[in-house]
Amino acid sequence: MSAKVRVFRTPYELAETFAGEIVEMISAAASENRYVTIALSGGSTPELLFSILGDHFTNSAPWNIVHFFWGDERCVPPVSPDSNFGMAFRNLIKKIRIPEENIHRIYGEKDPSGEAARYSAVIEKYVHKTESMPVFDLIILGMGEDGHTASIFPGYEKLFKSEKNCEVTLHPGTKQKRITVTGRVLNNAARIVFIITGGKKSEIIRQIVKKEGGYMNYPASKIVPVQGTAEWLLDADAAKLL
Ligand code: 6PG
């Protein structure tokens with residue numbers, strides 16, 4: 001694994017440090033007169049990061065140059081408690097001054113296959129490209145207790161071979177339809193950052209970091225940057241077996 005592992009005492013320390021780095025990245029882009037594309041993750045872990053950004057960095061970054069995307073979305077309406085967009089909106093987006101047209105949510109309420117095609121085109125349109133491949137400035141990822149990331153679950157490794165930017169997939173347990181950015185695009189980002197907290201994922205983290213056991217069965221192990229960098233930001237519990 002060619003990623004850098006950084007361990008923080010608590011989830012709050014992890015989120016606060018990373019929030020500051022995100023703001024620095026945005027400010028640096030502003031000084032270069034360019035906009036920034038950031039793909040957000042869903043689930044519960046990023047909620048603390050988003051709320052720190054929204055509450056403590058409300059006016060500390062030129063949010064108007066940021067374009068937010070999502071690495072995946074559940075096929076539910078934005079008002080659903082399951083919505084990754086909804087969680088980001090409540091904790092961050094509604095608190096900052098960012099143009100509405102810079103918020104590129106996945107329409108979870110729409111027909112999944114049509115929406116996957118529409119969102120692929122949105123990525124084509126707004127995300128900087130290198131050799132015709134979209135290069136997100138930053139992709140924030142989480143990891144599930146089964147080693148999935150974005151909505152690429154074990155057994156769906158074909159999503160790392162897809163030539164598309166997005167695909168429709170399923171949560172294998174709940175059968176909930178999801179739209180996910182594909183592994184090719186995830187791995188092509190300039191900066192990939194996993195944020196993982198809690199002891200429940202420590203064994204999978206150990207296997208992936210040490211390349212031991214069945215680590216190749218975990219989609220998160222297949223997140224390997226093609227041209228950028230990857231970091232795993234862990235709290236002490238998540239890193240306890242390293
Ligand atoms: C999602 C996420 C998913 C998430 C992991 C970890 O839509 O659920 O994108 O990949 O990052 O499931 O979720 P927790 O942070 O809730 O553990």
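**Contacts, sheet and ligand surroundings in a predicted model**

Apart from neighbours within four places in sequence, K164 is in contact with T182, R184 and V185. Contact means heavy atoms within 4.5 Å. K164 belongs to the loop between strand 7 and strand 8. Its C-alpha atom is separated by 17 Å from that of P219, and these two residues are 55 apart along the chain. Helices (H or I, at least four residues) and strands (E, at least two) are DSSP runs, numbered from the N terminus.

The model is predicted: local features need pLDDT of at least 70, side-chain atom pairs count only at pLDDT 80 or more, and totals for chains, interfaces and linings use all residues. Residues are numbered from 1 along each chain as its sequence is written, and side-chain values use heavy atoms, with hydrogens and water left out.

N165 is also found in the loop between strand 7 (138-141) and strand 8. N165 counts as buried because its relative accessibility is 5%. Buried means under 20% relative accessible area, exposed over 50%, and partly exposed in between (1.4 Å probe, protein chains only). The side chain of N165 makes a polar contact of 2.9 Å with that of E124. Another polar contact, of 3.3 Å, joins the side chains of N165 and R184. A polar contact is a pair of N or O atoms within 3.5 Å; within protein, one must be able to donate a hydrogen and the other to accept it, and residues adjacent in sequence count only if both atoms are side-chain atoms. Beyond four places in sequence, the residues in contact with N165 include S120, I123, P134 and T180.

Two strands pair if DSSP finds at least two bridges between them. Strand 4 and strand 9 (residues 177-181) run antiparallel and are joined by three bridges. D72 has T180 of strand 9 as its bridge partner.

I106 lies in the loop between helix 3 (84-91) and helix 4. I106 is buried, because its relative accessible area is 2%. Not counting residues up to four places away in sequence, I106 touches W70, D72, E73, E115, R118, Y119 and I179.

A polar side-chain atom of T45 lies 2.6 Å from an oxygen atom of the ligand. For a polar side-chain atom of N84, the distance to a ligand oxygen atom is 2.9 Å. The protein covers 87% of the 420 Å² of accessible area that the ligand has on its own. Accessible areas come from the Shrake-Rupley method with a 1.4 Å probe; for residues, only the protein chains shown count as cover.
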